[in-house]
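Let's take a friendly walk through this chain, from its overall layout down to a few annotated residues. Have the viewer open as you read.

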Amino acid sequence: MEAPSSSSIKARTAAELQAVKRKSGKTYGQIADETGLTNVYVAQLLRRQAQLKPGTAPLLRAALPGLTDELLHEMMQPLLRSYDPNLIQDPTVYRLHEAVMHFGESIKEIVNEEFGDGIMSAIDFYCSVDKVKGVDGKDRVVLTFDGKYLPYTEQTTEHMVSRLRKQDNQEGKPE
C-alpha cells in the first residue's frame with residue numbers, strides 16, 4: 001500500500017481543523033481576538049497554509065478546545081504551502097485576483113515612488129479582512145496587506161559571498 005502524499009495529509013488535516021472550527025461555532029474573528037492573531041492568519045492555520053508556533057498552540061487550544069494533541073502536533077510541522085489551481089474559479093478569489101491585476105501596475109508604481117525599487121514581502125506579511133459601513137450605509141470589505149518592504153539589491157561582486165570565497169581560495173593557492 002502506498003503512503004499518503006503530503007497534499008492528501010494536508011487536505012485531511014485541513015478538513016478536520018475546519019470541522020473543529022464549525023463545531024466551536026466561532027468565527028475566524030472571534031478566534032483571532034482570543035489568540036491575538038489576525039483573522040486571515042487563523043484561517044491560514046486552519047487550512048494548513050501556515051505553521052502553528054509552539055507558543056501560540058495553548059492560545060489556539062483555549063479558543064478551540066476540540067483541537068486534539070494529534071492535530072496540534074500536525075499543525076506545528078513544516079508544511080507544503082500550496083493551493084488548488086481550481087481556486088481561481090471561486091467568485092471571491094477571482095474578484096480578488098482581478099482587483100490585484102487591475103490595480104497592480106498602479107500599486108507597483110506607488111510602491112516604487114514611495115520606497116524605491118523593490119517589492120512587498122509575502123513572508124514578513126500580515127493580512128486581515130474587516131467589515132465597515134460605507135458612506136452609503138452599505139457593507140464594505142476592507143482587505144489590509146501589510147508586508148515588509150524589500151529593496152532590490154545591486155549585484156556587486158564585492159558583496160557576493162561565493163565570489164569572495166572563490167577569490168580568497170585563488171589568492172591562497174601557491175603559484
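## Overall layout

In what order do the elements of the chain run from the N terminus on? In this predicted model, the order is α-α-α-α-α-α-β-β-α. That makes seven helices and two strands in the chain. With a radius of gyration of 22 Å, well over the 16 Å that the globule rule gives for 175 residues, the chain is more spread out than a compact globule. You can see the extent in the C-alpha trace, which spans about 75 × 55 × 35 Å along its principal axes.

## Surface and contacts

Of the 175 residues in the chain, 21% are buried. The accessible surface comes to about 13500 Å², and carbon and sulfur atoms account for 56% of that surface. If you take the contacts between residues at least 6 apart in sequence, 55% of them join residues at least 24 apart.

## The annotated residues

The unreviewed UniProt entry carries an "active site" annotation that covers Arg95, Glu98 and Ser121. Arg95 sits in helix α6, which runs over residues 91-115, while Ser121 belongs to strand β1, residues 118-133.

## A look at Ser121

Is Ser121 buried or exposed? Its relative accessibility is 7%, so Ser121 counts as buried, the cut-off being under 20%. Setting aside neighbours within four places in sequence, Ser121 is in contact with Gly147, Lys148 and Leu150. The side chain of Ser121 also reaches the backbone nitrogen of Ile123, at 2.9 Å.

Methods
Residues numbered from 1 in each chain as written. Predicted model: local features only at pLDDT ≥ 70, side-chain atom pairs only at ≥ 80, totals over all residues. Heavy atoms only, no water. UniProt positions renumbered as here; feature names shortened; annotations may be inferred. Helix = DSSP H or I, 4+ residues; strand = E, 2+ residues; numbered from the N terminus. Buried < 20%, exposed > 50% of the residue type's maximum accessible area, 1.4 Å probe, protein only. Contact = heavy atoms within 4.5 Å. Polar contact = N/O pair within 3.5 Å; in protein donor to acceptor, adjacent residues only side chain to side chain. Rg over C-alpha atoms; globule rule 2.2 N^0.38 Å. Areas by Shrake-Rupley, 256 points an atom, 1.4 Å probe, with all protein chains shown as cover.
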